[in-house]
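Biologist: I am new to this model. Please show me how to read it, one feature at a time.

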Amino acid sequence: MGFTVVSRSGSPTRRENQKRRVCFRLLLRLLRRGFVVLSAESDPKMPNYSIRGINVEFPFEAYQSQIIYMDRVIESLQNKCHALLESPTGTGKTLCLLCATLAWRKSLGSFSTRKDRKNSAIPWSDSDEPLSQSGGGGGAFPTIVYASRTHSQLRQVIKELKRSSYRPKMVVLGSREQLCVNEEVNSLRGKALTNACQYLCKKRGKRQCNHFNRLPDYLKHNPHIGDEPVDIEDLVNIGKDSGPCPYYITRELHKDVDIIFAPYNYLISNGYRKFLKVNWTNSVLIFDEAHNLESLCADSASFDLPSVLLSACISEAQECVQLAAARRDSLNDVSINPENFAILKGLLLKLQELISKVPIPKRDEGFTKPGPYIYEMLKSLNITHETAPKLIGTVEEAAVFLEEEKQRTATNAGSKLEIIADMLKLIFRENGSNHADVYRVHVQELEQNSTDVMKGKVSRTLSWWCFSPGITMLDIAQKGVGSIILTSGTLSPMDSLAQELKLDFPIRLENPHVISSNQLWAGVVSTGPSGYVLNSSYRNRDVPEYKQELGNAIVNFSRVVPEGLLIFFPSYYLMDSCITFWKNGCYRNSMTVWERICKLKKPVIEPKDSSLFPAAMRDFSEKLQDRATSGVVFFAVCRGKVSEGLDFADGAGRAVVITGLPYARVTDPRVKLKREFLDEQSQLADVKLPRSTLLSGSMWYSQEAARAVNQAIGRVIRHRHDYGAIIFCDDRFEQPSQQSKISLWIRPNVKCYSRYGEVISDLARFFRTERSNFPARLVTEQENNIGNASCSQKITLIGRYHILVCLPYYLPSCFFPCDNLWVAFGCRGMI
Ligand code: SF4
């Protein structure tokens with residue numbers, strides 16, 4: 001037991017020494033109280049790897065799989081081709097990706113440094129366009145755009161960048177919601193905040209944002225911002241009190257950098273993409289956590305307009321008519337024309353009528369027409385390519401009107417009318433109907449089941465669904481992009497992904513894990529303890545014997561699996577009905593299945609309402625730390641929040657149980673139309689192509705389910721010294737066609753069990769052995785290096801101890817004000 005504190009480089013400054021003393025005192029106090037304090041030291045000299053002629057500096061000794069991964073990245077960049085790179089979570093792919101990409105970029109020439117801006121001649125703009133129209137991605141060298149799904153994922157990527165030796169000029173893009181520091185308006189959300197900001201940035205406005213006004217001076221005197229990695233929080237700190245606007249700093253900075261970090265929507269949404277002033281030629285686009293990219297692309301190119309939303313838009317248009325009339329009279333300003341808003345309201349009323357008159361003979365099927373039908377519908381309202389821009393202008397003007405009124409009356413609801421503008425922009429974008437063939441118009445009628453006044457009433461939703469996510473990627477690729485790299489822990493099955501994205505991906509990698517095979521137990525359990533077949537298909541899922549058998553199987557798993565156990569159901573419906581059955585259904589030894597599970601492990605259930613999810617995670621974390629319990633069982637759903645990107649390292653997730661295949665609801669109109677669309681496409685495809693290579697509707701349907709399974713099972717085994725079990729509790733996983741869709745790193749380890757007793761004895765032996773192989777131990781820096789989950793998201797229980805490893809950038813400032821020390825510490829109950 002002991003600790004070390006090691007300076008990263010050079011002699012410590014007075015401030016560093018002070019920080020060290022604070023650190024030492026705190027660590028000593030922890031030691032005296034019996035806490036285990038661990039250490040991690042860094043080697044100031046980073047290992048170098050020569051990969052395809054590129055010298056890659058990597059902060060640690062790289063594993064073989066990491067070198068292979070970097071090799072594929074560099075191959076893709078050198079050959080200017082696209083790549084699909086799958087590497088299990090915990091193999092350090094983010095760091096590999098950054099190091100390989102930046103090493104390649106550096107081999108072309110030095111990173112950019114911002115030139116002093118003489119006189120800071122930034123042309124100011126009232127619009128939402130970038131401040132200066134110059135730019136184009138840092139000059140002669142390719143710009144790298146690194147996109148991830150969420151800002152918390154990007155925060156992790158920036159932490160990885162800080163660990164590397166590379167210091168490209170960088171910026172992280174965020175919305176005003178994340179970056180606005182004007183306290184007058186930053187509690188607003190979405191378009192309301194955008195409009196308020198634009199209003200405050202107007203030169204002619206009565207009120208102005210001082211943060212905005214301070215920007216030119218700041219940029220003039222701080223030309224080196226972005227030379228060191230800065231995160232959203234750092235930018236907000238710069239702007240706080242009386243600093244410049246962080247949002248506009250990023251908008252100005254992004255034109256001159258080597259690497260841009262941004263959420264996905266900056267690349268996949270047409271509107272956001274236009275905002276980026278990047279020289280796309282030869283640029284490198286990286287999509288991290290890309291396992292849902294195809295559905296995100298399809299969603300960003302589609303819309304749904306429910307009648308309740310349309311009614312709200314009509315009311316807003318009416319409000320604008322009154323506001324405009326009142327303002328015209330009070331200001332005596334004849335340029336204010338309420339007539340335009342009256343026309344807008346009339347059009348929306350007609351659209352509402354049109355939707356209500358659409359014939360729907362069968363409610364289940366709704367009304368469907370080919371994509372171009374949307375133009376016919378809108379033409380009957382006189383909305384065409386020619387008239388749409390004016391209408392969009394009126395809608396945007398109305399939104400500003402409403403915003404000004406809301407500011408005046410101190411209400412902060414966002415304008416719904418903006419949705420109409422977004423919808424029209426999507427339908428009439430650039431070439432108009434070019435892509436309409438890959439769309440379907442659909443009107444669905446639903447009876448409201450909410451508890452409000454709408455209950456029992458019938459409402460209709462107009463949808464325009466895109467069924468070819470590839471149109472978004474093609475739009476991007478056609479800009480002359482050099483390489484598009486998609487990476488995730490679960491990209492396979494890759495063929496369907498490549499076909500969906502309509503790009504050629506000549507470089508593909510399905511990387512093995514960095515663990516050895518004896519750290520993983522993977523088995524198909526086709527029958528339960530009493531020999532009843534485990535199968536959650538539509539026909540079987542409501543059979544009481546099945547639920548009873550599954551429940552009994554979970555009771556036994558709870559007994560042999562130590563610490564955290566994750567149970568994934570194919571749907572919320574199945575999870576709810578099983579849990580209800582276990583609580584009320586059958587009794588054995590006077591205890592329900594649920595009571596028997598709860599006796600062994602504390603239960604947590606994933607809530608359907610995402611706002612309740614943080615509380616569920618806190619509950620899980622607290623129960624996991626509770627010494628009085630022998631672990632926690634988390635009941636969750638494939639494609640839910642638990643399965644999407646959360647890190648259940650070590651004891652937080654010792655086993656994951658998949659209770660079935662999470663097929664999408666076959667009667668869902670969007671799923672049905674997607675399958676029909678793909679079948680039509682494969683019929684139309686070049687007859688010379690072998691049919692087996694074309695993605696049919698049923699192939700897509702089953703591969704989607706397989707990807708959701710792979711995503712869920714990726715929750716366990718998060719680093720080199722982790723171990724865990726993957727239990728497939730459905731006999732359909734015995735089929736070779738199902739097993740071929742499981743991630744490659746798991747596939748060879750999957751064993752099919754015909755007898756349940758064998759499963760339990762094997763599992764018990766596995767955990768006994770692994771527990772002795774991996775007792776409570778020190779977490780090394782290398783282990784912490786791999787795996788990209790945030791400390792805040794990461795729940796780690798190793799043996800008897802919770803371990804929290806703090807590297808320099810992980811030290812929470814409220815706790816440890818030291819930023820140049822490599823310190824690690826941990827204790828049970830601290831996290
Ligand atoms: S200029 Fe910046 S700080 Fe000011 S309102 Fe807009 S986003 Fe907020």
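Modeller: Start with residue classes: Ala, Val, Leu, Ile, Met, Phe, Trp, Tyr, Cys and Pro count as nonpolar, Asp, Glu, Lys and Arg as charged, and the others, Gly among them, as polar. This is a predicted model, in which local features need pLDDT of at least 70 and side-chain atom pairs count only at pLDDT 80 or more, while totals for chains, interfaces and linings use all residues. Residues are numbered from 1 along each chain as its sequence is written.

Biologist: By class, which residues make up the shell around the ligand?

Modeller: The shell has 11 nonpolar, 2 polar and 1 charged residues. A residue is near a molecule if its C-beta atom, placed from the backbone, lies within 6 Å of it. Of the 14 residues around the ligand, C180, C197, C209, F212 and C245 come nearest.

Biologist: Which residues of the largest nonpolar core touch the most other members?

Modeller: In soluble globular proteins, nonpolar side chains tend to be buried together. A nonpolar core is a set of buried Ala, Val, Leu, Ile, Met, Phe, Trp, Tyr and Cys residues joined through C-beta atoms within 7 Å; buried means that 20 or more other C-beta atoms lie within 10 Å of the residue's own, placed from the backbone. Here the largest core has 132 residues, and C99, A100, V145, F261, I286 and A398 touch the most other members.

Biologist: Where does this core lie?

Modeller: Domain 2 (310–468) and domain 3 (517–773), with bounds from an automatic or database domain assignment, both give residues to the core, so it lies between them. Apart from it lies another core of 72 residues, including L566 and Y756.

Biologist: How many bridges join strands β2 and β3?

Modeller: Strands are DSSP runs (E, at least two residues), numbered from the N terminus, and two of them pair if DSSP finds at least two bridges between them. Strands β2 (residues 48–51) and β3 (residues 54–57) pair in the antiparallel sense over 4 bridges, with Y49 opposite V56 in β3.

Key: A residue is buried if 20 or more other C-beta atoms lie within 10 Å of its own, exposed if 12 or fewer, and partly exposed in between; C-beta atoms are placed from the backbone.
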